[in-house]
Amino acid sequence: MKLPINYQQQKKLISEKKTTHVEILDGYLERIEKYDKKVNSFLTLMKESSYKQARLCDKLFSELGEDVYKKYPLLGFVVSLKDLYAAESVRTTASSKVLDDYTSPYDSTAVSRLRADGCIFIGKTNCDAWAHGSSGENSDYGPTKNPWNFDFVPGGSSSGSAVSVTCDFCLASTGTDTGGSIRLPANFCGVVGLKPTWGAISRYGVVAMASSLDCVGFFANSSEDARSLFNATKGIDGFDATVTNVTPAKLKNDYTIGIAKEYLNDGVNPQVKNELKRVISTLENNGFTIKDVSLPLTEHAISVYYIIQPAEVSSNLARYDGVRYGHDRSYFAPEAKRRIILGTHVLSEGYYDAFYIKAMKVREKIIEEFDRVLNEVDAIIAPVSPTPPFKLGEKAQDPLQMYLADIYTVAANIAGIPALAIPSNITTQNLPLGFQLLGKRFNEEVLFDIANKFESVNTKHPGKAQLL
Amino acid sequence: MKKINPEYIPIIGLEVHIELNTKRKMFCRCCAEHFLQAANSNTCPTCLGLPGAMPYPNKTAIENTVLFGLALGCKINKYSKFDRKHYFYPDLPKGYQITQYDLPFCLNGKWESPDGKFYQIRRVHLEEDTGKLQHKNIGDKKMSLIDFNRSGVPLMELVTEPSFHNPDDVLAFLKDIQTLARYLQISNADMEKGSMRLEANISLTKITKQLGIDEKNIKLPDYKVELKNINSFRFLKNAIHAEIVRQTNLLSRGEKIKQETRGYDEQTNSTYSQRSKENVKDYRYFPEPDIPSIVIEDETVAIIQKRLVESPWEKRKRYIKEFGLSQNYAQILTSDLNRGAYFEKLYRLTKKHHLNTKKVVDLMINKNYDQKFPTPQGLVLDLLKTIKTQSPSDEQLDRAVSEVLISQRKAVSDYKSGKENALGFLIGAVSRKLSGKGDAMTIRDKLTESLGK
């Protein structure tokens with residue numbers, strides 16, 4: 001069974017009658033059946049409804065031919081959904097036992113837009129409960145494992161989503177990124193991960209973690225697929241008041257990419273650092289201008305993040321008070337409790353000014369700094385994680401060590417800017433390596449363009465995990 | 001009512017909640033009607049606080065709050081925002097209420113009492129209403145049920161400075177606030193339906209007699225008692241009075257007054273403790289991250305300003321000045337926008353037709369003539385017809401007067417010896433002679449003229 005490597009290729013296979021949408025779905029479900037017990041990436045499979053959608057796709061294609069893509073630009077695009085995404089009549093748990101038997105009565109905006117464009121939803125993926133975590137180990141339904149090596153974490157919190165893409169359980173997946181929850185697992189699993197500008201895609205219907213940082217985003221095999229999903233879901237929906245419509249910036253022939261010395265300090269693992277240098281020279285050899293920039297405030301981003309994020313978490317989780325949804329607060333696992341307590345503390349009278357207000361002030365400064373630097377360059381290149389994937393259990397007992405895994409990703413969330421994680425190579429241990437591009441607000445197109453150009457010249461793409 | 005000890009002066013601040021009558025709820029598109037609706041029929045993910053749901057602010061509700069603020073002479077904040085106020089209660093599905101904390105839409109307004117005193121309004125802000133709990137027996141089980149139809153209905157909150165010192169001004173203020181909401185057509189402000197809710201904060205302070213009651217000399221006490229859940233103006237007035245008496249007694253005995261929330265029992269006409277406020281709740285306010293801060297440009301304010309109408313208190317002043325009405329009549333006529341408009345038309349028509357204005361206004365207010373006649377024109381036409389057919393000729397009047405003066409000698413001599421009320425008796429007698437024709441004023445004039453001879 002030949003499964004598509006990207007949507008472009010799928011369309012070609014369908015057009016040449018080499019496969020059908022039902023056959024593709026068969027292929028994915030077969031693989032899930034065979035391999036998912038090893039990696040634990042799905043919580044709920046949507047077999048029945050996905051077959052219904054796939055049959056409809058085949059019917060529409062046989063009736064309309066290529067014209068079908070005018071009406072359904074993503075016809076038959078098989079997508080998995082992080083279990084934070086509300087989908088009508090589908091169990092939605094946020095990987096927390098608190099919502100163990102909760103079925104959403106409505107679709108999130110992202111889901112309804114992808115549905116309207118013809119996507120097929122194959123299932124709901126595992127993640128750290130409430131998206132709290134960097135390794136996938138905080139799920140109340142057991143950790144997801146890294147398909148490149150089952151002893152390693154896949155990265156979190158959107159662990160199952162990243163794994164489902166690299167395992168060819170689906171063509172793409174949705175994730176959420178509050179402090180790196182898309183980019184980190186994308187990086188650890190070797191797939192493309194997009195964290196869009198805050199306010200580009202509606203968050204309506206996606207279980208909230210920290211509202212001022214949360215972004216709806218995607219995992220895909222190529223930046224082009226990520227781009228298609230982004231364009232299908234972005235824009236004002238009348239439900240999320242923070243969404244704005246912005247006309248994308250014009251693309252250029254030559255881009256200037258900034259590299260901040262703060263991102264190449266001694267804290268970075270040598271393999272990650274060397275790979276970043278290799279990517280930079282590849283870019284340089286292919287017509288990109290590299291410029292040294294400085295982002296001295298970046299180091300404070302993680303402190304700011306661990307004030308604002310728990311504050312908003314404590315507020316957003318207040319609704320799970322035991323009155324509705326069937327399970328009381330004792331079902332919260334330690335990480336959620338830790339953040340609720342921390343957040344409640346920083347918002348308390350007498351502490352609010354010292355913590356929250358101060359963090360918001362520093363946040364403003366970080367935003368200013370990024371705005372200033374991004375005036376000089378088209379994008380900033382940075383590592384996603386200071387290390388390649390780490391082992392299961394390695395940091396689980398040390399929350400602070402775990403929090404530091406996000407050190408290079410949180411800044412984009414603090415500043416609300418878009419970021420794209422791109423796989424580029426493998427480590428000596430056969431684990432994925434990659435980097436991220438940070439861009440100007442609402443300039444996702446520039447990031448896709450740079451990534452696209454890089455993908456076409458990179459000779460060391462990690463490829464896919466071999467599940468045997 | 002017991003007398004209030006003059007040594008202490010009550011300090012009263014008010015909080016008034018008014019539900020706006022917008023078609024849609026504050027943060028979703030659900031129908032905002034919740035009175036007599038099937039439970040939970042007007043709900044959606046947002047007002048149920050379901051996982052993933054988000055608020056989308058209702059522009060009309062914001063504009064109507066600004067309009068209300070403008071009518072109270074408030075300054076409109078150019079930059080404002082919504083905040084989250086956290087507390088746990090079953091009728092609050094998100095665990096927090098979206099409200100406004102430090103940047104409300106409207107600040108620093110004022111209200112003029114009937115006797116010309118100005119009272120300061122601290123702020124007017126906008127928030128969402130909560131759901132409603134119903135405690136019922138189902139079968140043999142006691143159940144608490146929640147109806148979320150009211151959840152997310154736009155709720156405007158007005159807060160005054162603690163500057164009221166007597167229950168009468170409080171009542172006059174609240175009535176005017178209710179009338180204003182109705183004038184502006186932003187709420188029915190119905191106490192029975194809960195679309196207007198009152199809270200009063202009361203404390204007492206000692207005054208230095210020599211200095212007298214002057215705002216400058218009043219020191220705010222270090223406690224306040226909150227009167228809550230009172231659903232009529234009259235009960236609030238009684239409750240405030242009862243609370244002042246209670247606090248006075250405690251203070252006179254040298255006792256300290258507890259900071260708490262109290263309710264009012266109309267049976268015993270006394271207040272009772274509901275919730276101790278000794279441990280002040282920490283609501284952990286912080287800016288609502290799901291709603292961008294709101295910018296209200298001067299141009300927007302100017303557009304909303306065009307919807308302003310004359311406030312009830314301005315109109316009342318004008319009625320007294322322009323039409324020579326008593327305070328009481330002015331109050332009655334301004335309490336209803338339509339009645340006021342009817343009156344103004346009627347007034348002009350009576351002038352045009354040389355009718356006795358005072359008498360016509362009496363007919364309108366005391367005999368509800370405006371309800372009998374849908375238009376003032378109709379009322380005036382009817383009056384003109386009645387006067388024409390019913391006025392006695394001069395000859396008939398002369399005859400009746402002289403007959404009465406002869407037949408009622410006792411009354412005539414009483415009047416001449418200074419008993420003024422004998423005149424009323426004589427007027428009645430003449431009127432009877434004329435079988436009800438003729439108006440009292442004319443008869444009176446004729447009688448006094450004849451008696452004076």
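Reader: How many residue pairs are in polar contact across the interface of chain B and chain A?

Author: A polar contact is a pair of N or O atoms within 3.5 Å; within protein, one must be able to donate a hydrogen and the other to accept it, and residues adjacent in sequence count only if both atoms are side-chain atoms. Here the rule finds 15 residue pairs across the interface, both residues at pLDDT 80 or more. This is a predicted model: local features need pLDDT of at least 70, side-chain atom pairs count only at pLDDT 80 or more, and totals for chains, interfaces and linings use all residues. Side-chain values use heavy atoms, without hydrogens and water; residues are numbered from 1 along each chain as its sequence is written, with chains lettered from A and ligands numbered from 1 in the order in which they are written.

Reader: Which elements of chain B give two or more residues to the side that touches chain A?

Author: Helices (H or I, at least four residues) and strands (E, at least two) are DSSP runs, numbered from the N terminus. On chain B they are α1 (45-48), β4 (83-86) and β15 (286-287).

Reader: Which side chains meet in a salt bridge?

Author: The test is a side-chain nitrogen of Lys or Arg within 4 Å of a carboxyl oxygen of Asp or Glu. Across this interface the rule finds 1 salt bridge. D290(B) and R203(A) form it, at 2.8 Å, N to O.

Reader: What area is buried between chain B and chain A?

Author: Buried area is the accessible area (1.4 Å probe) that two parts lose on being put together, summed over both. The value is about 2700 Å², with 56% from carbon and sulfur atoms. In chain B, P51(B), M54(B) and R284(B) lose the most area to chain A, together 23% of what that side buries.

Reader: Which residues touch the most other members of the largest nonpolar core?

Author: Nonpolar side chains tend to be buried together in soluble globular proteins. A nonpolar core is a set of buried Ala, Val, Leu, Ile, Met, Phe, Trp, Tyr and Cys residues joined through side-chain atoms within 4.5 Å. The largest has 155 residues, and W130(A), Y263(A), F370(A) and I381(A) touch the most other members. Helix α10 (residues 298-316) of chain A gives the most to this core, with 9 residues.

Note on methods
Buried < 20%, exposed > 50% of the residue type's maximum accessible area, 1.4 Å probe, protein only.
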